[in-house]
Amino acid sequence: RSLVASGNIDKAAIFNSEGTSVWASSPGFTVAPAEIQSVVASFADKEDVKKVQSEGFHVASEKFITLKSDDRSLYGKKGKEGVVIVKTKQAILVAHYPESVQPGSAATTVEQLGDYLIKVGY
């Protein structure tokens with residue numbers, strides 16, 4: 001299952017659930033250690049208004065406005081492009097979609113892969 005091959009995602013990376021190891025990434029799509037650590041922190045943040053909701057977050061040196069943040073998913077938007085981040089038991093999927101893709105299509109693609117990974121123990 002490839003996120004990029006879906007046509008809804010143009011670049012992606014997969015990290016371990018702690019965000020300390022990159023398992024795979026698209027060429028040229030670099031998520032800095034501090035960026036993934038802020039994503040990991042957002043999943044643990046239980047405040048009514050999470051820090052990531054008020055401040056946004058960065059992926060690959062780009063700032064995104066938070067659209068959704070819960071204990072499994074983090075969605076962000078910058079203009080008409082955006083990112084969908086999904087946490088499974090053992091992994092964090094970080095996927096970027098271009099302006100030409102509807103956010104809902106991108107989210108569905110990444111969430112379905114997340115569901116599949118959870119089902120097979122990841």
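Helices (H or I, at least four residues) and strands (E, at least two) are taken here as DSSP runs and are numbered from the N terminus. The structure is a predicted model, in which local features need pLDDT of at least 70 and side-chain atom pairs count only at pLDDT 80 or more, while totals for chains, interfaces and linings use all residues. Residues are numbered from 1 along each chain as its sequence is written, and side-chain values use heavy atoms, with hydrogens and water left out.

Leu 74 lies in strand β5, and with a relative accessible area of 0% this residue is buried; the word buried stands for under 20% relative accessible area, exposed for over 50%, and partly exposed for values in between (1.4 Å probe, protein chains only). Apart from residues up to four places away in sequence, Leu 74 touches Val 39, Ser 42, Phe 43, Val 52, Phe 57, Thr 66, Lys 68, Ser 69, Val 83, Val 84 and Ile 85, where contact means heavy atoms within 4.5 Å. Leu 74 and Val 94 are separated by 20 residues in sequence, and their C-alpha atoms are 9.3 Å apart in space.

As background, strands of a sheet pair through backbone hydrogen bonds, either parallel or antiparallel.

On one side of β5 (residues 73–78), strand β4 (residues 62–69) pairs in the antiparallel sense over 4 bridges, and a hairpin with 3 residues joins β4 to β5. Within this pair, Ile 65 has Lys 77 of β5 as its bridge partner, and Thr 66 stands opposite Gly 76. Strand β5 is also joined to β6 by 6 bridges, again in an antiparallel arrangement, and here Gly 76 stands opposite Val 83 of β6. The hairpin of β5 and β6 has 2 residues between the strands, and in this hairpin Gly 79 takes a positive phi near 65°.

Further along the sheet, β6 and β7 run antiparallel and are joined by 6 bridges, with Val 84 opposite Ala 95 in β7; these two strands form a hairpin with 3 residues between them. Strand β1 is likewise joined to β7 by 6 bridges and runs antiparallel to it, the bridge partner of Lys 11 being His 96. Because 7 of the 7 residues of β7 are buried, this strand is largely enclosed by the rest of the structure. In a regular strand the side chains alternate between the two faces of the sheet. Both faces of β7 are covered, with Ala 91, Leu 93, Ala 95 and Tyr 97 buried on one side and Ile 92, Val 94 and His 96 buried on the other.

Attention then turns to residues in loops. Lys 50 is found in the loop between α1 (33–44) and α2 (51–55). Lys 50 is buried yet has no salt bridge, the nearest side chain of opposite charge being that of Asp 70, 6.2 Å away. A salt bridge is a side-chain nitrogen of Lys or Arg within 4 Å of a carboxyl oxygen of Asp or Glu, and in assigning charge, Lys and Arg count as positive and Asp and Glu as negative, whereas His and the chain ends are not counted. A polar atom of the Lys 50 side chain lies 3.5 Å from the backbone oxygen of Asp 45. When neighbours within four places in sequence are left aside, Lys 50 is in contact with Ser 42, Phe 43, Asp 45, Ser 69, Asp 70 and Asp 71.

In the loop between β3 and β4, Ala 60 has a positive phi near 55°, although it is a residue other than glycine, and its relative accessibility of 22% makes Ala 60 partly exposed. Ser 61 is placed in the loop between β3 and β4 as well, and this residue, also not a glycine, has a positive phi of about 65°; at 67% relative accessibility, Ser 61 counts as exposed.

Technical notes. A polar contact is a pair of N or O atoms within 3.5 Å; within protein, one must be able to donate a hydrogen and the other to accept it, and residues adjacent in sequence count only if both atoms are side-chain atoms. Two strands pair if DSSP finds at least two bridges between them.
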